[in-house]
Amino acid sequence: MAKKGTTIFKCAECGYSQPKWLGRCPECGGWNTMREFIEDSNATFATQKNGAAQKARPIPLSTVQAQEGERIQTGIAEFDRVLGGGAMKRSAVLLGGEPGIGKSTLLLQAAACVSKKVGGAILYVSGEESASQIKSRADRLGLDCSKIEILCTMRLEDILEALDKLNPIFAVIDSIQTVYSVEGGIIPGTVNQLKYCGNELIGWVKERDSFLVMTAHVTKEGNIAGPKALEHMVDTVISFEHNNDEVRFLRALKNRFGSVDELGIFEMSQTGLKGVVDPSAMFITRREGKQPAGIACAAVFEGSRVFLVEIQALTVPAKANLSRVYSEKIDSARVARIAAVLEKRAGLRFSDQDIYVNVAGGVRLGESAIDAALAAALYSARTDIALQNGTALVGELSLAGEIRPVPRVKQRVKTAKSLGFEKILVPEKCEGAIFVANVKGLVEKIFGK
């Protein structure tokens, strides 16, 4: 028997092997069918053939033909949006989120939709729940599970055997931290287990016209638990977040086949997760009468759509002469920077104030276009002067106090107009909006001289 790492030659037609190259295979008589292989027990499904890994050789990139991969619609619009228009065949997705947030519910709904729309076998592998628990959830959600195969195991070898037997169009591993192999030890969740099992599963899907979704545990900081190498191996990394209500946010942290700017918004109900049709209705508080001080609305872009969000600010005298910034949904460093610009360029003192910032609806904002609205909210909170009803702001604030342009201003203005906003301040000349060049002009046009 050849030793590990030994070069052998195998016939591509019949599998006959020997240590030297021959022009004609002695077994089947085929000419020029002998291919060079290396004996490697660690070869993945992507490189393994007849117990050996084919030796890789470089080829000119100019000779490679680019091919657009075929996508599979999951039947859940918000999920497809975050994936980039659907799940790409031969791709692996890593879905992370807190316990109980709805990862299993989302994937079970997606499995039922794929089996109904696309057809083919669906394999749901669970290492955390029993088959009866999953069936109870499916019945409660009213899902058709007639074409879904369930496998409750933690052994990688059992999973790979089931994958080879069924050859499913869609496979779910819930979760990857529970999977173990005898090759990596007997304790699930270790670094070696995650890397080895993840590599084997990803290698399998790369050679099949299907897609694989693996759920993952998260740390208390909200990051995916385990080695960072696991995120590098997959094609797409998706984070499942939520606020204090029944709203869930699906956001791509990495996507080789689409944008990472898309945001999927779900609402948890008795019948499962449902996509939110009008996100702006969730992030804007409909009030009767005058708007209170410390509130400003911003038109933000998340992927391919615009919605209006309400930024709330509050300032109170600092305790023990030590000012602090309390902000979860907007980076506290951004809040401190905007306050510093207002103090320097608008003559408003924040250094002796504690600053509290919140976003209605619990969505996390990172776009620079919210700077103008954040500045207006802080100014309003500090002076206790409310903004006029129906006012929205767009723009990035520089350290020099300038309001800088941001992408796709016209679409933002159009959306704000359609939602009933009449006074829209933007950093460039646009029909139906008010042009502002700097923070002083912004303060004058909103609060007066």
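The numbered points below describe a predicted model.

1. **The nine-stranded sheet.** An open sheet with mixed pairing is built from nine strands in the order E10-E9-E11-E12-E8-E13-E14-E15-E16. Its edges are formed by strand E10 (148–152) and strand E16 (272–275), each of which pairs on one side only. Direction ignored, neighbouring strands of this sheet are turned by 25° against each other on average.

2. **The H4–H5 pair.** How are two packed helices described? For helix H4 (residues 156–166) and helix H5 (residues 191–205), the packing angle is about 5° and the axes are 11 Å apart. H4 is therefore roughly parallel to H5. On the H4 side, the contact is made by Leu-156, Ile-159, Leu-160, Leu-163 and Asp-164. These residues meet Tyr-196, Cys-197, Glu-200, Leu-201 and Trp-204 of H5. By class, the residues of this contact divide into eight nonpolar, no polar and two charged.

3. **The seven-stranded sheet.** A further open sheet, with mixed pairing, has seven strands in the order E19-E20-E18-E17-E21-E24-E25. Strand E19 (325–327) and strand E25 (434–435) each have a single partner strand and stand at the edges, so one side of each is left without a neighbour in the sheet. Strand E21 (residues 391–393) and strand E24 (residues 423–426) run parallel and are joined by three bridges. Ala-392 has Ile-424 as its bridge partner in E24.

4. Helix H8 (residues 332–345) lies across E19 and strand E20 (353–359). H8 runs at about 130° to E19.

5. **The largest pocket.** The volume of the largest pocket is about 690 Å³. Its lining holds 29 residues, and Glu-98, Glu-241, His-242, Lys-329 and Arg-364 are the closest to the pocket centre. Which elements give two or more residues to this lining? They are strand E8 (91–97), strand E13 (236–242), strand E14 (247–255) and E20. E13 gives the most, with four residues. The lining residues divide into seven nonpolar, eleven polar and eleven charged.

6. **The cavity.** How many cavities of 30 Å³ or more does the structure hold? There is one, and the volume of the largest cavity is about 50 Å³. The lining of this cavity consists of Arg-71, Leu-83, Gly-86, Ala-87, Met-88, Ser-91, Val-93, Thr-236, Asn-255 and Phe-257. Strand E7 (87–88) and E8 are the elements that give two or more residues to the lining. By class, the lining residues are five nonpolar, four polar and one charged. E8 also gives two or more residues to the lining of the largest pocket.

7. **The cis peptide bond.** The peptide bond that joins Asp-174 and Ser-175 is cis, with omega about 0°. Ser-175 is placed in the loop between strand E11 (170–174) and H5.

8. **Positive phi values.** Two asparagine residues deserve a separate entry. Asn-32 has a phi near 55°, a positive value in a residue other than glycine, and is placed in the loop between strand E2 (17–18) and strand E3 (34–38). Asn-167 likewise has a positive phi, near 50°, in a residue other than glycine. The loop that holds Asn-167 lies between H4 and E11.

Methods
Residues are numbered from 1 along each chain as its sequence is written. This is a predicted model: local features need pLDDT of at least 70, side-chain atom pairs count only at pLDDT 80 or more; totals for chains, interfaces and linings use all residues. Side-chain values use heavy atoms; hydrogens and water are left out. Two strands pair if DSSP finds at least two bridges between them. Contact means heavy atoms within 4.5 Å. Axes are lines fitted to C-alpha atoms, for helices over the stretch in contact, and angles run from 0 to 180 degrees between N-to-C directions. On a 1 Å grid over the protein atoms alone, a cavity is a set of points where a 1.4 Å probe fits but cannot get out, and a pocket is an open set with protein on both sides within 12 Å along at least five of seven lines; lining residues have an atom within 4 Å of a point. Grid points are joined across faces, edges and corners, and a volume is the space filled by probe spheres set on the points. Ala, Val, Leu, Ile, Met, Phe, Trp, Tyr, Cys and Pro count as nonpolar, Asp, Glu, Lys and Arg as charged, and the others, Gly among them, as polar. Angles under 35 degrees count as roughly parallel, over 145 as roughly antiparallel, 65 to 115 as roughly perpendicular and the rest as oblique.
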